[in-house]
Amino acid sequence: MRRLRILLVDDHEVVRLGLKALIGRQPSFEVIGEAGTADEAIDKARVHTPDVAVMDIRLPGKSGIDATREIVPLLPDTKVVMLTSYADDELLMDAIEAGAAGYVLKQIGSDALLKALEAVARGESLLDPSLMNKVFARLREATRKERGQAFAGLTEQEVRILALVAEGCTNREIADRVYLSEKTVRNYVSAILGKLGLAHRSQAAAYAVEHGLLSRARE
């Protein structure tokens with residue numbers, strides 16, 4: 001069976017030696033290169049085309065994330081695993097955006113690290129379990145911000161009426177729900193269409209659903 005070809009990137013030689021000793025004991029792995037800087041990592045990756053690059057984030061000069069941004073588009077078959085001491089939200093999201101396939105902390109056990117490298121080489125994405133909640137929290141916050149921007153030009157009453165439009169309510173039904181006259185509701189709907197740059201009621205309903213207004217109303 002073909003061995004997985006690993007590139008080790010860390011500015012501390014002791015760390016590289018430890019990883020090399022661990023990986024070298026496994027018949028299914030092969031360390032094909034080492035690097036101590038981002039530029040060296042990019043050069044070694046280009047020459048050796050590893051299956052997986054184990055990348056430290058904090059490197060002298062350019063960071064491991066900078067290196068990842070260059071390696072991933074250059075070598076799409078090379079997977080990058082960030083191996084770091086930092087459980088930092090910003091670094092985590094930057095690494096994911098740069099194209100890293102995995103993000104694990106240096107506190108990880110030896111067996112878990114080897115399994116992580118195998119998983120990433122198979123095309124799986126992997127995050128340290130202790131970081132999953134941070135990722136989901138950031139995604140939820142990004143979704144809330146996106147929803148808020150989508151309806152930023154509407155008043156609270158207009159947002160409420162738009163949600164009822166999306167639910168399929170008629171103007172009469174909306175009037176009964178919000179205690180307004182049907183004519184006033186028609187005026188609100190016209191104003192909503194104008195603010196959103198839409199021409200039809202059905203477009204407004206689709207816009208509301210697309211931007212999560214109904215799910216927000218249920219939260």
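Predicted model: local features only at pLDDT ≥ 70, side-chain atom pairs only at ≥ 80, totals over all residues.

Residues are numbered from 1 along each chain as its sequence is written, and side-chain values use heavy atoms, with hydrogens and water left out.

**Whole chain.** Colour by secondary structure: the chain has 11 helices and six strands (DSSP runs numbered from the N terminus, helices being H or I of at least four residues and strands E of at least two). Of its 219 residues, 42% count as buried, that is, under 20% relative accessible area with a 1.4 Å probe and protein chains only. Among contacts (heavy atoms within 4.5 Å) between residues at least 6 apart in sequence, 63% join residues at least 24 apart.

**Aspartate 51.** Select the loop between α2 (38–48) and β3 (52–55), where aspartate 51 lies. Is this residue buried or exposed? Aspartate 51 counts as buried because its relative accessibility is 15%. Show side chains next: those of aspartate 51 and arginine 2 are joined by a polar contact of 3.1 Å (a pair of N or O atoms within 3.5 Å; within protein, one must be able to donate a hydrogen and the other to accept it, and residues adjacent in sequence count only if both atoms are side-chain atoms). Beyond neighbours within four places in sequence, the contacts of aspartate 51 include Arg3, Leu4, Asp77 and Lys79.

**Helix α4.** Select residues 89–98; the buried residues of this helix are Leu91, Leu92, Met93, Ala95 and Ala98. Glycine 99 follows α4 and has a positive phi, near 110°.

**Helices α7 and α8.** Select residues 156–166 and 171–178, whose axes come within 10 Å and cross at roughly 135°. Axes are lines fitted to C-alpha atoms over the stretch in contact, with angles from 0 to 180 degrees between N-to-C directions. The two helices, α7 and α8, are therefore oblique to each other. From α7, the contact uses Gln157, Arg160, Ile161, Leu164 and Val165; from α8, Ile174, Arg177 and Val178.

**Helices α8 and α9.** Asn171, Arg172, Ile174, Ala175 and Val178 of α8 meet Glu182, Val185, Arg186 and Val189 of α9.

Technical notes
Parallel < 35°, antiparallel > 145°, perpendicular 65-115°, else oblique. Buried < 20%, exposed > 50% of the residue type's maximum accessible area, 1.4 Å probe, protein only.
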